[in-house]
Amino acid sequence: MCVAYPGMVIEIKEKNAVVDFGGNRVNARTGLVQTKPGDRVLVHAGCVMQVVSEEEAKEIEEIMKEMEQ
């Protein structure tokens, strides 16, 4: 099982997105899902897999924090 942490799309360059994960920025392919700057997304294996709502992103972040404790 894989767990994806939500990030925020900062910019789109052709079919690549710059996604920010709490200050760590990574490049991810966007060919599977349409996305735009400001979207919260889940990335796996270098590809944007899903756009999630802000509410969903916050719920995932809270669960991850609870798991760290």
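Glu11 and Lys13 pair up in a salt bridge, with their closest N and O atoms 4.0 Å apart. The term stands for a side-chain nitrogen of Lys or Arg within 4 Å of a carboxyl oxygen of Asp or Glu. Glu11 is partly exposed, at a relative accessible area of 33%; on this scale buried means under 20%, exposed means over 50%, and partly exposed covers what lies in between (1.4 Å probe, protein chains only).

A word on what you're looking at: this is a predicted model, where local features need pLDDT of at least 70, side-chain atom pairs count only at pLDDT 80 or more, and totals for chains, interfaces and linings use all residues. Numbering runs from 1 along each chain as its sequence is written, and side-chain values use heavy atoms, with hydrogens and water left out.

Searching the whole structure turns up 5 salt bridges. One of them joins Asp39 to Lys36, with the closest N and O atoms 3.0 Å apart. Asp39 sits in the loop between β3 (24-29) and β4 (40-44); strands here are DSSP runs of E with at least two residues, helices are H or I runs with at least four, and both are numbered from the N terminus. With a relative accessible area of 11%, Asp39 is buried. The side chain of Asp39 also has a polar atom 2.9 Å from the backbone nitrogen of Lys36.

Now step along to Arg40, whose side chain meets that of Glu61 in a salt bridge at 2.5 Å, N to O. This pair ties together distant parts of the chain: Arg40 belongs to strand β4 and Glu61 to helix α1, 21 residues apart. How accessible is Arg40, buried or exposed? Arg40 counts as buried, at 10% relative accessibility, and Glu61 counts as buried too, at 19%.

Glu62 is exposed, with a relative accessible area of 51%. Together with Glu55, Glu56, Glu59 and Glu66, Glu62 forms a negative surface patch. Patch members need over 30% relative accessible area and no salt bridge; like charges are joined within 9 Å, and nonpolar side chains (Val, Leu, Ile, Met, Phe, Trp, Tyr) within 5 Å. For the bookkeeping, Asp and Glu count as negative and Lys and Arg as positive, while His and the chain ends aren't counted.

How values were computed. Areas by Shrake-Rupley, 256 points an atom, 1.4 Å probe, with all protein chains shown as cover. Charge placed at Lys NZ, Arg CZ, Asp CG, Glu CD. Polar contact = N/O pair within 3.5 Å; in protein donor to acceptor, adjacent residues only side chain to side chain.
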